[in-house]
Structure formats: C-alpha cells, structure tokens
Amino acid sequence: MRAGWVRWAGRVGSLGPAGRGTWRVVGWSAATGLALAGVVVTAAGPWEGGQRAAERRAAADLPHHRQGRGQEGATRAAPRVLTPVGARQAPGGKGASELPLPTAKGMRRALGPLLDSPDLGTRRSLAVVDTTTGELVYGVRAKAPATPASTMKIATAVAALTVLGADHRIPTVVTTGSSAREIVLVGGGDPTLTALSTAGSDRPASLRELAGSTAAALRDRGVRSVRLRYDATAYSGPRHHPIGRGNENIAPVTALMVDEGRVDPRSTRHAPRVADPARDAAEAFADLLREEGVAVRGKPSPGRGAKASDAPLAEVRSQPLGTMVERALTTSDNDIAEALARQTALARNEPASFAGAGRAVTSVLEEAGLDVGGARIRDGSGLDREDELSAELLADLLALAASPEHPQLRSALTGLPVAGFTGTLEHRYTADRGGDADGADRAAEDTTGPGRSVSGAAGLVRAKTGTLTGVNTLAGTTVDADGRLLAFAFTASGTSDPDRATAALDRLAAALARCGCR
C-alpha cells in the first residue's frame, strides 16, 4: 500500500474485508445507463432534491453502511452497494474485496497501445486506482504534474464538501444600513441566486422571494421608502479570471450576483455576461422591491451591511452544496466552481480570492491525506492554464469520494457526467447506443481491432471532462468486467486536434470498462 494511502486510511479508519466491500459506490452497466441516465435526462432533469432522483431512489432501497448523524437534514451514509446489473453483476454475490483485482500487466496490455496514440499530443499521463484497496493499479507518469483543465473541478468539489458538508447552504441577506430607511443587499457568494420565477421544494434561492420578504419586514416597521445599497465584500482580490475580461466562459467573480451574471438569465453554457454582476443584482432587486410596493430612492450603490450578529431583515439560502457540486461537475459550470473554491477559502479563514482559494483547497486536500506534492491550484474551475494536478491525485480524489467513511463527498461522484447520456458526456459514446455519432464518436470508431472503439461504455463510464486549447483530460469512475469499481484519470497536453484527442481518451475509458485486465 502506498504511503499516501496509508495516511488517508489512518484518517478514515481501518477497512477490513467486510468494510472494503462497502466501497463500491456507483456501478453501472450499459443497461443501467440506458435505464437510469435516460430517466435523469428526460424525466426529472439532472437534479431533484440535491441528488439525481434515480440514484437517490436506488440508494434508498438498499441497506446503509451506518446511520447518519440523526438530526434533520443530515447527510445519510453511503449505501453499501449500488449493485450493477447484467454483465456487471458480481458472480455469486461476491463483495468488492472478493472480486479479481486487475494487474499492472493486464492494464498495460489493454491501455498501453491506446495511450501511445499520436492523437494524445506530446505529453500524456494515466492513473488507475482500485477504490476497494486504494492501490494504484497502473500508472504512466502518474505523479507528473499536468494541466487538468476542467477536471480541476473535482479537486474543488472534494475540498468544499470536506470543509462545509453537502448540506451547507450559502446565504443572501438584507440588513439595515446606516439608518432605518437604508437597507443593504449582502451577497454571501451564491452564483445561482435567480431573478427568474422558480418552483419546487429545492429550487435555487430566489431574489424575487427575498424582495417579497424584505417588503413585508419593511411594512411591519412602517417603512415605505428606502435607499438601497449592496455589499459584495465577502470576496476579495481580482474579480476577473486570468483568462481575461469579457470571456463568455465565466462572469466576474463576486460575492453578489444573480443568474451567474448572464445578460440573458435563461442562457446556458457560454454566454455574454454583465460587466458588474453585483450592481446588476442590486438593480434587479430594486425593481422587484418596487413591484412589492416599496419606493427605492435613487440608484443602488455600494455599502456595508449591519454586523453579522444583527438579525437580518430577510434572508434566502442556496440549494445544498451537494446540489451545486453536481451541477458544477455535470455541466462544467465555471461560475459555481469558483464560488465553491471561495466558500472553501472562507471556511478556512483565507482571503476569498483566487490565491486564497487555491491555498485553502490545497491545504484541505493535504489534510485529507492526499499527496498534493507538485500540485498548483490557481483557480477553482480549471480555466487557468497554470493549474497543475497529477493523474494520480485526480484518481485518488475520486477514490476518496467513494469511501463509505465520507458520505458527504458523494455528490463528487453523482455529479459526474454519464457517458452518452448527461452533461458534457451526453454527446460522446453515442454510437454505442445506436444514436447519431458526432465528430468525436466517428473518430473513436474509425479504427479496428480489440479495444479500439468506445463500444460498451455508454452508461458505464462516468467522468469529468477537461478541454483547453492543446489540453484534453478525462477523470472518473467505471466498473470493470469483473465488477470492481475503478477510479481513473487520463491527461493529454500538446494535442492538435481536440476531436481526435477526445476520441482517444474515450477509447481509453471504454477499454478500461471492458477489461478485467488480469
């Protein structure tokens, strides 16, 4: 067992054979993906109540490793096993520790030729970790620092969940200002706060609802006219990501924003952003107050809210952090990822800036027993090309999230896109399920021979994608042909054709899913 894993095992407790049998968290066959991931996409949407609905119902039907903390809203412990079906059913009902363990020789035979593909550029690395034992089964330059691109979000998610828990909610409050007729809208760092009409028991925090509660509180005090100020000082440092101003991948990072600072709040993915999200949110709030019958004098301006010890006039809270993590991973949401990093910084008493968040995330992962040697974390989203993580660290992060001792990390797995069905993998591996293949799928299928296609991987591979110019990465989990849950990370730098690089990564993941590799 590796030294880094010994440190981790010491923190989570001894795992004998019976305990290790609980480590398999999410096992999918292609049939499972067709049934469950299809439900996720078409029926309930990606999120319902903080966890994908199909997975939550499946877990609820199974015995649990241990009870939660007992209080209302506590995170439940990990289910013992989400049993794979069909070809992935363990023979004789064996536990994970009894299943055949892949070998480095078998992995080299299955993955080595695929890793040598020229489509993977000039620098590539690979790590495969068995989640039951914590062993690095196979690695190629596994400890070498590499640009993670958006797989950085895995590290951000694990750190935030570790220090805050999956049930944490980010507040947005309204307090009194310097007088009874001055109020201050105080941002706590929730980028999903929305001005749109919302419904459902676990919807994003509503600016409209906050305005209604504020108006009611003001009426109770006999106040009909106010001056509005706004406070976004919870975050510090540069607001603009090093990627540059005006980039549609991310809004200026502020503690107060509405609908992720999007010019069109109904837009998704890459879209134009407002120049000053905090001011924009305050102006939207002023309009909503007026609709509630409150006169707002003048234009909103920056100001400081009342002391934290003072009761707010009104408050709304975000969805649970676990829900936000799922959304950040599934859709590769950069705004949420940066917010998660800054929330981690605040929890660790670091400045809520790019630099402070990087220090906080690094220290949290190190204290969790992970080997962060050589890691360089400059942001939470992975947009910064100076970020560096090793393939082994990425795989270890996923294995940590699979531990039944860390149920608060579960959404770092449930948020991973499902191959061929959800998020950034929705249109990859689609040839495997009889759909129209996109360019990457065609590239994946244009070679012949064993292990040369993505066949059999749809619904089975779950992974976070990463793409920058000249950089392509993939990190996630899969259940191999013998039923063992494996965590993997593949990185490629110096790539010249992103479609072909993506296809080469998908072939690696598919080969891992098909392989017993002994």
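Where is valine 253 found? In this predicted model, valine 253 belongs to the loop between strand S6 (225-231) and helix H8 (277-291). Its relative accessibility is 9%, below the 20% cut-off, and valine 253 therefore counts as buried. Leaving aside residues up to four places away in sequence, valine 253 touches Tyr235, Arg239, Glu338, Arg342 and Phe354.

An open sheet is formed by 5 strands in the order S2-S1-S12-S11-S10, with antiparallel pairing. The edges are taken by strand S2 (136-140) and strand S10 (462-468); each has a single partner strand, so one side of each lacks a neighbour in the sheet. From one strand to the next, the twist averages 5°. The antiparallel pairing of S10 with strand S11 (residues 471-479) extends over 7 bridges. Within this pairing, alanine 463 has glycine 476 in S11 as its bridge partner.

Two helices are described against these strands. Helix H12 lies across strand S1 (123-130), S2, S11 and strand S12 (485-493), and runs at about 150° to S12. Helix H15 (residues 498-514) also packs on the sheet, where it touches S1, S11 and S12. The direction of H15 makes about 20° with that of S11.

Burial was also computed for H12 (residues 391-401): 11 of its 11 residues are buried, so the helix is largely enclosed by the rest of the structure.

Definitions and conventions:
Residues numbered from 1 in each chain as written. Predicted model: local features only at pLDDT ≥ 70, side-chain atom pairs only at ≥ 80, totals over all residues. Heavy atoms only, no water. Buried < 20%, exposed > 50% of the residue type's maximum accessible area, 1.4 Å probe, protein only. Helix = DSSP H or I, 4+ residues; strand = E, 2+ residues; numbered from the N terminus. Pairing = 2+ DSSP bridges. Axes fitted to C-alpha atoms, helices over the stretch in contact; angles between N-to-C directions. Contact = heavy atoms within 4.5 Å.
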